[in-house]
Amino acid sequence: MPKELAMKSIHNDKITAVSNLNDLSQEKVLSMMNNIKEQSQQLTDIKQFYDEFEYFRTLNFEINGLINDIKKDPNKIFELQHLSRLVARYSYAFRDFVTFSDQYAVKHNSANLKENLISIQFDNFYEYRLAYTLGNFVKHVSQLVPISDNFDEHTYDFFIRIDRTAEIYDKASGQDKKTLQEKTELDLLDFLDVTMECVFDQTQCIVKQIFVDDKAYEYFKTTDKFIYDYGMPCYIENKKIQLFNYDVTYLGQEVVKIINEFGISKIRTPKKTLPINN
């Protein structure tokens, strides 16, 4: 029995051959299958960037919580090494995120993300450059970021000892070497605040570029209504179903939350009408 193109309803388990649907041609279904595949990749990219942002946000919160605990009880100074490891994880993840973002931006020249955002942040924010350099440091040299503290009766501050990092990281060269030589120490809270803001800006910019400039919005308008009305395209062969959904329904629900949080657009879950309202 030859393979036959069909539609599987999302409302029930009903499967209908496209040849039995008067208002739907095979050409339109095949075209929509390509759209769904493209949309799935776009939504996957959006979720990947957002998941990275969420990881930074969670780790940032954990680091700040530990800092506050030590400030409240100086006897917890033994937690300094744990704090150092958390900052190392943060810096390593930051380096990977920037590298991945940079590679993505190069492949999507229409957004000029590298020139307009990533490069500008790297040039203008010392904390941004240091985070990338520390990520390199903890990858190749040490899992600890050298941290020092300063306690008196009025304040309790934490610093990244950059001079100590430079001393250990004798392989540093180029921009890394320049970054390490600019200062001897940096306030840890300033470091966390600036880098977190940069990650947020970068994530929001890339998500918006995918959703708006790469026309993910257009796929939402067309594929969601199509799937609601007709179901998911599939093939039937020897009474077996081969379904190509690319997790687009689940991904769509996740991306709705993301772009609403970023204020890029207002989306509601699909009903009988179009799923997007600006």
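Of the contacts in the chain with a separation of 6 or more, 72% are accounted for by residues 24 or more positions apart. This value, like those that follow, was computed from a predicted model. The chain has nine helices and nine strands, and its radius of gyration is 25 Å, well over the 19 Å that the globule rule gives for 278 residues, so the chain is more spread out than a compact globule. Taken along the principal axes, the box filled by the C-alpha atoms is roughly 80 × 40 × 40 Å. Buried residues make up 44% of the 278 residues, while the chain exposes about 14900 Å², of which carbon and sulfur atoms supply 48%.

The packing of helix 4 was examined against two other helices. Two packed helices are described by the angle between their axes and by the distance between the axes. For helix 4 (residues 126–140) and helix 7 (residues 188–213), the angle is about 90° and the axes are 9 Å apart. Because angles of 65 to 115 degrees count as roughly perpendicular, helix 4 and helix 7 are placed in that class, being roughly perpendicular to each other. On the side of helix 4 the contact is made by Glu 127, Tyr 128, Leu 130, Ala 131 and Leu 134, and on the side of helix 7 by Asp 190, Phe 191, Val 194, Thr 195, Cys 198 and Gln 202. By class, the residues of this contact between helix 4 and helix 7 divide into seven nonpolar, two polar and two charged.

Helix 3 (residues 113–124) also packs against helix 4, at an angle of about 100° and with the axes 5 Å apart, which makes helix 3 roughly perpendicular to helix 4. In this contact, Ile 118, Gln 121, Phe 122, Asp 123 and Asn 124 of helix 3 meet Tyr 126, Tyr 128, Arg 129 and Tyr 132 of helix 4. The contact of helix 3 with helix 4 comprises five nonpolar, two polar and two charged residues.

Individual residues were then considered in their surroundings. His 140 is found in helix 4 and, at 52% relative accessibility, counts as exposed, because the cut-off for that class is over 50%. The C-alpha atoms of His 140 and Tyr 169, which are 29 residues apart along the chain, are separated by 8.8 Å. Ser 84, in helix 2 (residues 80–107), is by contrast buried, with a relative accessible area of 5%. When neighbours within four places in sequence are left aside, Ser 84 is in contact with Gln 143, Leu 144, Val 145, Pro 146 and Ile 147.

Asp 13 and Ile 241 are 228 residues apart in sequence, and the C-alpha to C-alpha distance between them is 12 Å. Thr 16 lies in strand 2 (residues 15–17) and touches Ala 6, Met 7 and Leu 21, residues up to four places away in sequence not being counted. Thr 16 and Gly 135, which are 119 residues apart in sequence, are 54 Å apart in space, C-alpha to C-alpha.

Methods:
Residues numbered from 1 in each chain as written. Predicted model: local features only at pLDDT ≥ 70, side-chain atom pairs only at ≥ 80, totals over all residues. Heavy atoms only, no water. Axes fitted to C-alpha atoms, helices over the stretch in contact; angles between N-to-C directions. Helix = DSSP H or I, 4+ residues; strand = E, 2+ residues; numbered from the N terminus. Parallel < 35°, antiparallel > 145°, perpendicular 65-115°, else oblique. Contact = heavy atoms within 4.5 Å. Nonpolar A, V, L, I, M, F, W, Y, C, P; charged D, E, K, R; others polar. Rg over C-alpha atoms; globule rule 2.2 N^0.38 Å. Buried < 20%, exposed > 50% of the residue type's maximum accessible area, 1.4 Å probe, protein only. Areas by Shrake-Rupley, 256 points an atom, 1.4 Å probe, with all protein chains shown as cover.
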